[in-house]
Amino acid sequence: MPVFTPNVALETAEPIVEAEGAPAGRRRFSLVVEDEDGNRSEPSIAVVTVLPPSFRVAVGPGPVDLAYDDRTREVWVLNSGSAERNRGSVSVAGLARRQVLATVVVGAKPSEIALSPAADRRRAVAVNTGDGTVSIIDMQTRQVTATVPVGERPGAVDISADGRWAYVVLPAAVVVVDLLRQTVAKTIPVGAQPARVIFATNGREALVGNSGDGTVSVIDAARQAVSDTVRVGGATASKPQEVALAVETYPAWSANPGNRTGSVIQPDHTVLDFRLEEACAGVAVTFDGQIALFAGADQPLLARVAFEGGRPAIANARLPAPGGGPKGIAISPNDAIALVVHPETAAVSLVTVKRPQLIARLEAPRGPLRTVAAGSFACAICQDDALLAVDWSGVTV
Amino acid sequence: MPAFVPGTPVETTEPTVEVTVDPQRPLPIGRHRFQLVVVDDSGNRSAPDTVDVVVRDSQNPTAVLRVASQVEFGKSITLDGRASSDVPPGKIARYIWTMLD
C-alpha cells in the first residue's frame, strides 16, 4: 500500500488504491485518468478527514468540571458524585499513563475546580456548591488540607498567579480565600449574579462577569477591591456569561447571550460591543487575544471574531450538531485548532481557528460537557463518566 | 428554477428543486456536490445530507474520485476511481493519484 507524499503523483493501472500514513486533519486527494490515446481528464478532487487519535479514561461519577496541570500533564476532573454518594470527588488523570492516578474526596455537589498556576506550594480548589464550602487540596500529596466555609451557593473560582488567593463567586460577591492561611480573607461586593471570575496571568487584575446587570467588575488584585465596573453588551440585560482573557490580560472578551452580543475590553477599560448572529454563552481566545471564538448557546453556531484595526471582524460557521449549541471551546497552544463540545449531541468538533471550518467530528457518547486545552491534547468530560482526550498535536490544517 | 452559486444556499418551501443550467455557462465537467438542510417550524435545523452529480466530458475521459468522508487515524484510505469513464469506445489506461495537502 503506497504512502502518499503531498503533491507527488502516483500512477496505477487499477482504479482502486489504498493510501497509508496520512496525517490527521482534512486531506484532499486528486484523481486524473488517461485513456489509451493519451487523453487526460480534468482532475476530480475529494476530501477525507483523518480523525485524530483519541482515548478515554473512566472518571466520575458525575464529572462537572476539569482543569489541566501543564507541569505534571495531568487533568483534574471534578465529579459531583452520584445520588447515593453525598460527596463529590476529584479524579486526577494522567495523560501519559491514560489512567486515574489519584482520587480525592471533596464536599457536597462540587461545581468548579481551579488549579494554582504558581510553581510551588501548589493547591487546587474545589467549590462545593452543595454545602457552601471550598476544599483546598495539596496538589503534591493529593490530600484535602482544609475545608473552608465561604457562604451560600458558591460557584465559579479562579486562583491568583502567585497561588496565594482563590476568588470564589457567590450570588452577589466574590469571596477571597487565603490559601496559605486557609481562611476567608475578605468579601468583595461586585455586580448582580456574578457568573465567572478569571485572573489575569500577570496577577494584577481579576475580571468578574455579572450576568444580572450586564457588567464586568475589574478587581485590583493588590487592593482586593473593585477598581472599575464596565458595561458590556450595551444593556443591563446582556447577561455576560463567560469572560476570556489573553495571556497579557487585554484585550478581554465577554460573551453576552442576553442580547446576542459580544464585547471586547481594552486595557483602558473601554468596551467595544458587537452583535452576534445567535446568543453565545461561551468564548475562548487565542494567545495574543486578537481572535476570539464564540459558541452559540442554543444553535450550532461558532463565531470567529478578530480584532483588527480597532474594529471586530466576524466570520460565522454552522457546525453539524443539530439539536444543540456548542457549550465549551478550547484553543490549541499554537492557536490553530479549537475543540468545541456539544452537550445535547454526542459529539465534539475540531475546527480551524483561522477560518472557522470543521476539520473533524468525533463521537462522544452521552454528551460532552466541558473542555480544556491540555498541551498536545484537547480534553472533554462526558456524561458517561469519561474523560475524552483528543490528540490534536498531529492535526495539520 | 433557481440558479445555484457554489456556497450560496437557496431556500424553498417545496421538497424538490430543478437546478437551472445556463447554456452559456454550463456546469464544469466533473463531480458536483449538492447539500440539503431542512428546517422545521421551530427553527431546528437538520444535519446536512449530500449527493454527488457527475457531469461527463464528451471529448475526454472523466475522472470521478470517491473516498469515505472520514477515517480513523492509522487506517488506510481507500481511493476509488471506478466511477471514472472514457468516451466510447475508449478505455481508461492510467489512474494518476495525488494527495494535494
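# A first look at a predicted two-chain model

Pro257(A) sits in the loop between β23 (249-256) and β24 (261-265) of chain A; such strands are DSSP runs (E, at least two residues), numbered from the N terminus. This is a predicted model, in which local features need pLDDT of at least 70 and side-chain atom pairs count only at pLDDT 80 or more, while totals for chains, interfaces and linings use all residues. Residues are numbered from 1 along each chain as its sequence is written, chains are lettered from A and ligands numbered from 1 in the order in which they are written, and side-chain values use heavy atoms, leaving out hydrogens and water.

**Around Pro257(A)**

- Beyond its neighbours within four places in sequence, Pro257(A) is in contact (heavy atoms within 4.5 Å) with Ser238(A), Lys239(A), Gln241(A), Ala279(A), Cys280(A) and Ala281(A).
- Ala237(A) is 20 residues away from Pro257(A) along the chain, and the C-alpha atoms of the two are separated by 9.0 Å.

**Where chain A meets chain B**

- Chain A brings 50 residues to the contact and chain B brings 40 residues.
- About 4,500 Å² is buried between chain A and chain B, with carbon and sulfur atoms giving 59% of that area. Buried area is the accessible area (1.4 Å probe) that two parts lose on being put together, summed over both.
- Three salt bridges are counted between chain A and chain B, each being a side-chain nitrogen of Lys or Arg within 4 Å of a carboxyl oxygen of Asp or Glu.
- Glu11(A) forms a salt bridge with Arg94(B), and the closest N and O atoms are 2.4 Å apart.
- On the side of chain A that touches chain B, the elements giving two or more residues are β1 (10-12), β2 (16-19), β3 (25-35) and β4 (44-50) of chain A.
- Of these, β3(A) gives the most, with 10 residues.

**Strands side by side**

- Across the two chains, β3(A) pairs with strand β5 (residues 92-99) of chain B in the antiparallel sense over seven bridges. Strands pair if DSSP finds at least two bridges between them.
- In that β5(B) strand, Trp97(B) stands opposite Leu31(A).
- Within chain A, strand β32 (residues 347-352) and strand β33 (residues 357-363) also pair in the antiparallel sense, over six bridges.
- β32(A) and β33(A) form a hairpin, with four residues between them.
- Ala347(A) has Glu363(A) in β33(A) as its bridge partner.

**Aromatic rings**

- Over all chains, the structure holds eight aromatic pairs. Rings of Phe, Tyr and Trp (its six-membered ring) pair if their centres lie within 6.5 Å; planes under 30 degrees apart count as stacked, over 60 as edge-to-face and the rest as tilted.
- The rings of Phe55(A) and Phe377(A) have centres 5.4 Å apart and planes at 75°, so this pair is edge-to-face.
- Phe55(A) lies in strand β5 (residues 54-58) of chain A and Phe377(A) in strand β35 (residues 377-382) of chain A, so the pair ties together parts that are 322 residues apart in sequence.

**Backbone details to look for**

- Tyr250(A) and Pro251(A) are joined by a cis peptide bond, with omega about 0°, and Pro251(A) lies in strand β23 of chain A.
- In chain B, a cis peptide bond joins Pro88(B) and Pro89(B), with omega about 5°.
- Pro89(B) lies in the loop between β4 (77-80) and β5 of chain B.
- Arg98(A), a residue other than glycine, has a positive phi near 55° and lies in the loop between β8 (89-94) and β9 (99-105) of chain A.
- Asp335(A) is not a glycine either, yet its phi is positive at about 65°.
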